[in-house]
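Student: I have a new structure to read. Can we go through it by question and answer?

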Amino acid sequence: MKNFASKYSWTISGVIVLAILMMYPSQAKSTVTKWWKISPNTCAISTLGSDLDQADNADLYSDLSIQSSLSGAISISAHCPVFLPDGVTANKLRIRTFQAGGIPSYSDVTVRLRRTSWSGSTYTLATAYMSEGYTYDDYNFTTTIDNEDYEYGLHITLYKGNSATSEPELGMIEIRYEE
């Protein structure tokens, strides 16, 4: 009998553990990390520091960049809605440019992830920023997405100074979240 118990005790223990996991499946649930991605050129664009009409933006901007035909200091802003699943935990905002050498001198890119309550109060959850030479920026934060009480959005600003060596571009925005 002693030999039988030592030989098969691991099998009996395994069956007990399996039975417990089957009774309480939430205890065995693992976290899945995913990325929400958006191409910034799909965002609603407004122009600051320029006399351009809103209708002209489609012709002047591509991949959310400031075109070289616009001289002097200029800034553009864009707004994008963010649709993440309710109840997930968002924990990283990442922005990227695909420009060789990164953001040009005298230029910068700022992206803010904002949460707005239905009553109108706004809170910035994360801010990512790229300046001269940067090709990406990550901002770590933690928030649980609550689509019942809030809406989420991105506010993007590209700035090109008078002495900029070329046009700044924003190629991709990513938000990491866990389910």
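Student: Is T144 buried, partly exposed or exposed?
Tutor: Keep in mind that this is a predicted model. Buried needs under 20% relative accessible area, and exposed needs over 50%. T144 has 47% relative accessibility, so the class is partly exposed.

Student: In which strand is the place of T144, and which residues does T144 touch?
Tutor: T144 has its place in strand β7. The C-alpha atoms of T144 and A90 are separated by 6.3 Å, although the two are 54 residues apart along the chain. Leaving out residues up to four places away in sequence, T144 touches G87, V88, T89 and Y152.

Student: Which strands stand at the edges of the open sheet that contains β7?
Tutor: Four strands form this open sheet, with antiparallel pairing, in the order β1-β9-β4-β7. An edge strand has a single partner strand, so one of its sides is left without a neighbour in the sheet. The strands at the edges are β1 (33-38) and β7 (136-144).

Student: What is the average twist from one strand to the next in that sheet?
Tutor: The order to follow is β1-β9-β4-β7. From one strand to the next, the twist averages 20°.

Student: How many bridges join β4 to β9, and what is the bridge partner of L93?
Tutor: Strands of a sheet pair through backbone hydrogen bonds. β4 (residues 89-96) and β9 (residues 172-178) run antiparallel, and seven bridges join them. L93 has its bridge partner in β9, and that partner is I175.

Student: Where is Y106, and is it buried or exposed?
Tutor: Y106 lies in the loop between β4 and β5. Its phi is positive, about 60°, although Y106 is not a glycine. Exposed means over 50% relative accessible area. Y106 has 56%, so the class is exposed.

Student: How many residues of β3 are buried?
Tutor: β3 has nine residues. The strand is largely enclosed by the rest of the structure, because the buried count is seven of the nine.

Student: With which residue of β8 does A78 form a bridge?
Tutor: β3 and β8 pair over nine bridges, in the antiparallel sense. The bridge partner of A78 in β8 is I156.

Student: Which element gives the most to the lining of the largest pocket?
Tutor: The largest pocket holds about 260 Å³ of space. Its lining has 17 residues, and the closest to the centre are P81, V82, E151, Y152 and G153. Two or more lining residues come from each of β3 (74-82), β5 (107-117) and β8 (150-160). With six residues, the element that gives the most is β8.

Student: How many residues in that lining are nonpolar, polar and charged?
Tutor: Sort the lining of the largest pocket by class. The counts are nine nonpolar, six polar and two charged.

Student: How many helices and strands does the protein chain have?
Tutor: Read the elements from the N terminus on: α-β-β-α-β-β-β-β-β-β-β. The secondary structure comes to two helices and nine strands.

Student: What share of the contacts in the protein chain joins residues 24 or more positions apart?
Tutor: The protein chain has 179 residues, and 37% of them count as buried. Now take the contacts with a separation of 6 or more. Residues 24 or more positions apart account for 77%.

Methods
Residues numbered from 1 in each chain as written. Predicted model: local features only at pLDDT ≥ 70, side-chain atom pairs only at ≥ 80, totals over all residues. Heavy atoms only, no water. 1 Å grid on protein atoms, 1.4 Å probe; cavity = no way out; pocket = protein on both sides within 12 Å on 5 of 7 lines; lining within 4 Å. Points joined across faces, edges and corners; volume = space filled by probe spheres on them. Nonpolar A, V, L, I, M, F, W, Y, C, P; charged D, E, K, R; others polar. Pairing = 2+ DSSP bridges. Axes fitted to C-alpha atoms, helices over the stretch in contact; angles between N-to-C directions. Buried < 20%, exposed > 50% of the residue type's maximum accessible area, 1.4 Å probe, protein only. Contact = heavy atoms within 4.5 Å.
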